[in-house]
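Q: Hey, could you walk me through this structure? I'd like to hear how it is packed.

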Amino acid sequence: MADRVVQSAITEAGPVTGKAAVELVHDLLRKQILDGRLAPGVVVSQAQLARDLGVSRSPVREACRLLESEGLVDARHNHRVQVAEFSLEDLEEIYASRLVLETLAVSLKLPRLSRTDLDDMEDALGGMRVSAAERDYDRFTVPHDRFHLFLVTDFGYRMSRQIGQLVDHAQRYRRVYTTQTPMAWDVVLRQDTRILEAVRTGDFTAATEELARHLASTALSMIALIDPSYDPLLVRAALKQVCRET
């Protein structure tokens, strides 16, 4: 179950204890939840996790508490935790929050982007095209996330942390949508291409609105895939507010 890179780090570090052990275990479990190796709804034993990782129960217990505070696991009896189930309400809150925060960040960041930044974004878009053609999701997410990081980084700690956490949580849902919807790859590429084109021409209002529509489109498509009868009022309201104000 354990990620080999992190497990190797734990082994090479020797008897890791205290805060370092908690951080290593937390990073490992968080990564496995976000990339789907610990599936939504699965129940795991803290004792078994400790045995798998070769650490004491204490860092596992503390790591699970941190994950619970992030909403990624729920505590269960007998020292077990359950990976958070997928929830349409959770999905909608994630994307409505991203719509508001990321468009605010983008409106401030765009005038500061350099020509080198734009070239790097173009390079990331090229990497996305290659991975999309091969339908390789894990490779696709690397340039995709790099492309969007150019738009929302370099802000205060609290705002950057909130955006980063929302993006991470969205990844659990986005993986299912992208891998189960053949047209998703091309839709994302078209939307990100339009964002970059608007940025290159200096039309920052259009770029901000394109990002808002991109996030809303992804959320609405995922919701329709899971439950077509669900009415995503929160996402629609956030999109309306952002596009009206920009």
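Predicted model: local features only at pLDDT ≥ 70, side-chain atom pairs only at ≥ 80, totals over all residues.

Q: Good to know. Which residues touch the most other members of the largest nonpolar core?
A: Those are Tyr95, Met121, Phe147 and Leu151, in a core of 50 residues.

Q: And which helices supply at least two residues of this core each?
A: Helix 5 (88–109), helix 6 (115–133), helix 7 (137–152), helix 8 (157–180), helix 9 (184–200), helix 10 (204–226) and helix 11 (233–245). Apart from that core lies another one, with 19 residues, including Leu29, Leu49, Ala63 and Val73.

Q: Nice. Now the helix pairs: at what angle do helix 5 and helix 8 pack?
A: The angle is about 140°, and their axes are 9 Å apart. That angle makes helix 5 oblique to helix 8. The crossing of helix 5 past helix 8 is left-handed.

Q: Which residues meet there?
A: From helix 5 come Asp90, Leu91, Ile94, Tyr95, Ser97, Arg98, Leu101, Glu102, Leu104 and Ala105. Facing them in helix 8 are Met159, Gln162, Ile163, Leu166, Val167, His169, Ala170, Tyr173 and Arg174. By class, the contact of helix 5 with helix 8 has 12 nonpolar, three polar and four charged residues.

Q: How about helix 5 and helix 7, how are they placed relative to each other?
A: Their axes come within 7 Å and cross at roughly 70°, so helix 5 and helix 7 are roughly perpendicular to each other. Glu102, Ala105, Val106 and Lys109 of helix 5 meet Leu149, Phe150, Leu151 and Val152 of helix 7. Six of the residues in this contact are nonpolar, two are charged and none is polar.

Q: And why are helix 8 and helix 10 described as roughly perpendicular?
A: Helix 8 and helix 10 pack at about 75°, with axes 10 Å apart. Angles of 65 to 115 degrees count as roughly perpendicular, and therefore this pair does too. Tyr173, Arg174, Tyr177 and Gln180 of helix 8 make the contact with Thr218, Ser221, Met222 and Leu225 of helix 10. The classes here are four nonpolar, three polar and one charged.

Q: Where is isoleucine 226 found?
A: Isoleucine 226 is in helix 10. With a relative accessible area of 48%, isoleucine 226 is partly exposed. Beyond its neighbours within four places in sequence, isoleucine 226 is in contact with Leu88 and Leu91. Isoleucine 226 and arginine 213, 13 residues apart in sequence, are 20 Å apart in space from C-alpha to C-alpha.

Q: Last one: what does aspartate 117 touch?
A: Leaving out residues up to four places away in sequence, aspartate 117 touches Arg112 and Phe150. Aspartate 117 is found in helix 6.

Conventions: Residues numbered from 1 in each chain as written. Heavy atoms only, no water. Core = buried A, V, L, I, M, F, W, Y, C linked by side-chain atoms within 4.5 Å. Buried < 20%, exposed > 50% of the residue type's maximum accessible area, 1.4 Å probe, protein only. Helix = DSSP H or I, 4+ residues; strand = E, 2+ residues; numbered from the N terminus. Axes fitted to C-alpha atoms, helices over the stretch in contact; angles between N-to-C directions. Parallel < 35°, antiparallel > 145°, perpendicular 65-115°, else oblique. Left-handed = near helix turned anticlockwise from the far one by under 90°. Contact = heavy atoms within 4.5 Å. Nonpolar A, V, L, I, M, F, W, Y, C, P; charged D, E, K, R; others polar.
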